[in-house]
Amino acid sequence: MKRMALMVLPVLAACTLLGGCSLAGEENAGQGGDLEKAQEIRAVRAGEEETAYDTTDRDAIEAFVEKLQIDEWKLGELPEDAQESVVYTFQQEATVLFGETSTDGSMDRMVELTTYDGSPYVTLHVLGQSLDFEIPQDAAEYLNHPEDIG
């Protein structure tokens, strides 16, 4: 029973982050979910330290999440020979805790998304768990070229 709960928790967390709340009549409801709540998206190529893409612009974040085509993602199994390409981090300002009047402006990592060279797969890292998804080919190409985003 405990093992089943450990397997279901990451799936529920991913569904919540990817699906968000769907309200009747809301434009783009469910497409980006909580990812659209990110206040910063940063991309770094695997094995490098220099940032390949970085934005805090609200419109750019919404456009980025829309291009991911999250509603078409399917749980999948990452190929054994997959080579990491780009790691995206979605960050949000730290939460104001009880007894605090403001934050120090630091950002908390919400989600990390890893892409793979020549492969339509991503790994979503959330709440200490990882899930692999097969994504549309055009979304994979978009994510593997962070220098062209903008």
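Reader: Which residues have the most contacts inside the largest nonpolar core?

Author: This is a predicted model, in which local features need pLDDT of at least 70 and side-chain atom pairs count only at pLDDT 80 or more, while totals for chains, interfaces and linings use all residues. Residues are numbered from 1 along each chain as its sequence is written, and side-chain values use heavy atoms, with hydrogens and water left out. A nonpolar core is a set of buried Ala, Val, Leu, Ile, Met, Phe, Trp, Tyr and Cys residues joined through side-chain atoms within 4.5 Å, where buried means under 20% relative accessible area with a 1.4 Å probe, protein chains only. The largest such core has 28 residues, and those with the most contacts inside it are Phe64, Tyr88, Phe90 and Leu143.

Reader: Which element gives the most to this core?

Author: Helices (H or I, at least four residues) and strands (E, at least two) are DSSP runs, numbered from the N terminus. Among the elements that each supply at least two residues of this core are S1, H2 and S4, but the one that gives the most, with 4 residues, is H3.

Reader: Which residues of helix H2 are buried?

Author: Helix H2 covers residues 58-67, and its buried residues pack against strands S1, S2 and S4 and helix H3. The buried residues of H2 are Ile61, Phe64 and Val65.

Reader: Is Ser119 buried or exposed?

Author: Ser119 is found in strand S6. Because its relative accessibility is 8%, Ser119 counts as buried.

Definitions and conventions: Buried < 20%, exposed > 50% of the residue type's maximum accessible area, 1.4 Å probe, protein only. Contact = heavy atoms within 4.5 Å.
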